Amino acid sequence: MAVKVTRENMGVVFSPRDEEVYSNTSGVLYPRVIELKHANELNGMLLATFEFATLQEPPAIPVMCSKDGGVTWERYSRVEDTQNGFGFRFQPHILELDRACGDLPAGTIVFSANSVPLDFTSTELSFYISRDHGKTWQFRSSVAKGGPPIEQNFGALGPVWEPNIYIDKKET
């Protein structure tokens, strides 16, 4: 869905007030933006993702795109928790691989977020990949599992938080 550009909304990726299903949101958290550099004709396209509260269950993480340097944004895809079915409630992170990593070629988009059931009894950092530059997503692995997302819970099995994906070493 493309949004009509006005002076007030130029460059705005997402506004929860635009749709009723998002009207009960507490806001947008953990925004991430990447520029595709290994996507052939899509090079230069921006992908943005973020966490937000929604009335939809299970929640999914939106992926927005901009083909004009961030002036306008539209929905591109969404990452759904196909492994657990709990939904992604917290802390998405997205990265385009700048070189091959294992069986993943350069240009693969990798994504991680916190899969949390509606009763908040556990946390799990799930890892997904996209081989078509963020259009579709496939579960790859579970990175870490933990207890409920309650910071005071560290005496028991503590929660896992905030995935961050980086490539550790540049090739020379």
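The paragraphs below take up these topics in turn.

This is a predicted model, in which local features need pLDDT of at least 70, side-chain atom pairs count only at pLDDT 80 or more, and totals for chains, interfaces and linings use all residues. Residues are numbered from 1 along each chain as its sequence is written, and side-chain values use heavy atoms, with hydrogens and water left out.

A search of the whole structure for disulfides (pairs of cysteine sulfur atoms within 2.5 Å) finds 0. C65 is buried, at 2% relative accessibility, and C101 is partly exposed, at 29%; buried means under 20% relative accessible area, exposed over 50%, and partly exposed in between, with a 1.4 Å probe and protein chains only.

Rings of Phe, Tyr and Trp (its six-membered ring) pair if their centres lie within 6.5 Å; planes under 30 degrees apart count as stacked, over 60 as edge-to-face and the rest as tilted. The count is 7 aromatic pairs. One of them joins F50 and F52, which are tilted at 45° between the planes and lie 5.7 Å centre to centre. F50 is buried at 3% relative accessible area, and F52 is buried at 10%. One aromatic cluster is made up of F88, F111, Y128, W137 and F139.

The charged end of K135 sits over the ring of Y76, 4.3 Å from the ring centre; this requires NZ of Lys or CZ of Arg within 6 Å of the ring centre and within 35 degrees of the ring normal.
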